[in-house]
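Open the model in your viewer and keep the selection tool ready.

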Amino acid sequence: MKLYPVKAVLFCLLIIGLCARAETVTNTETGELPVDEIRAFAEVFAKIKKDYVEDVEDSVLLEYAIRGMLEGLDPHSSYLDEEAYLDLQEGTTGEFGGLGIEVGMEDGFIKVISPIDDTPAQKAGLQAGDLIIRLDDTPVKGMSLNDAVARMRGEPGTDITLTIIRDGAEKPLKVTITRDVIKVKSVRTQVLEPGFGYLRISHFQSRTAEDARAALQELKQDNDGRLEGLILDLRNNPGGILSAAVGVSDLFLDKGLIVYTEGRIDDSRLRFNAKPADLLDNAPVVVLVNAGSASASEIVAGALQDHKRAIIMGQKTFGKGSVQTVLPVSNAAALKLTTARYFTPSGRSIQVSGIEPDVALVRVKVESLEDEEQSFITEENLSRHLDNNAEDEHQDGDGDEDEEAAETEQETTALLTEDYALQQALNVLKSLQILGSE
């Protein structure tokens, strides 16, 4: 006969009683109770309490059990203790400490979904798709996502070295990043050319839709009250708040369904529709996306694509089409639980499939030809070559204008060199504007 500590036996009987009571409420369809599984749980709990090398508090074991239940469901469900819950709340309001990366789990490693704009992670060169295998000298394998995130956070000014695996790299890369207070400004704009605007959204936070509306109004004022076209840049945007994605989509639509969700409970079945009016008066829109565009970004891209309101350009998106609901529990903790799936207006599931762009762009690196040009020998390279004195003799006094024109040309060249996708999007936008005006 097996003998267990009285406290453990009483506790396990309590667990069985509570689970049975819950099952009679939640499993009315089958009328069956998972008695064997509950008994196995109680037995494991008792063995740990009796035989583990060190004494473990009941509350700690229960927390481990809860974490295990959630982390076994999918990569996005998790248990948030008090500290993690506060961190999540800080992240949705736009200010928190750390490196500035959105991460998930893949095969036991930490996967970079995307670096956030103007953060230490982006400046250090981290890319969407990087797999983090070590944090300083500690292997990531075996860590929970929450534990890994906690290790990456720290005092501003302190360093952490990430060992990463990157597609195309022959060996793991080591990147040292200095922690900082991350203040995410989710919206920024720029006039690319007269009449053509650029709206970058790096994250979907509580104020993103409101800030995007104000930014677009300012862009319109800077262009005589109307934009001829807009590039909406959602590359490396890991998502955020659903309501923000709905609000941003609504800026470009007059009517119609934006997104709907389907789940098992009534509260998870929602539909969101656009309200008048289109802030750009139907001016053409090109949306830039890539593999780092996830969740809320995919909602916006999918809605505008289904309504044929924008051309989606870039690479296939991340494919996170699940809805996480934060459910507060006792002790100031919370559950982040996947409760539904997103669907675009036409009924496409975003989960795994992602959003396929209308215009695909392969990942390219545009480099200057200066180095190649320097390999050729020209007259200038020959010793004792004649100077071109004619240049000095025929100056016409327009030096300032020439200098301004040269600066403009340099800026255009820099744009092409630094952001090939953006330049191609601008070309497509101009074509759409020309076709629309005919």
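Start with the whole chain. Residues 24 or more positions apart account for 68% of its contacts with a separation of 6 or more (contact: heavy atoms within 4.5 Å). This is a predicted model, in which local features need pLDDT of at least 70 and side-chain atom pairs count only at pLDDT 80 or more, while totals for chains, interfaces and linings use all residues. Residues are numbered from 1 along each chain as its sequence is written, and side-chain values use heavy atoms, leaving out hydrogens and water.

Colour by pLDDT (the predictor's confidence in each residue, from 0 to 100). The average is 83, and 78% of the residues score at least 70. Select residues 1-6: pLDDT is below 50 here, and the stretch has 8 contacts beyond near neighbours in sequence. Go to residues 371-376: pLDDT stays under 50, with 1 contact beyond four places in sequence.

Switch to cartoon. The chain has 13 helices and 19 strands (DSSP runs numbered from the N terminus; helices are H or I of at least four residues, strands E of at least two).

Select the open sheet of 6 strands, ordered E10-E11-E12-E15-E16-E19, with mixed pairing (strands pair if DSSP finds at least two bridges between them). E10 (187-193) and E19 (359-360) are the edges; each has a single partner strand, so one side of each lacks a neighbour in the sheet.

Zoom in on E16 (residues 311-314). It runs parallel to E19, joined by 2 bridges. Gly314 stands opposite Ala360 in E19.

Finish at helix H7 (residues 208-222). H7 lies across E10, E11 (196-201) and E12 (229-233), at about 25° to E10 (axes are lines fitted to C-alpha atoms, for helices over the stretch in contact; angles run from 0 to 180 degrees between N-to-C directions).
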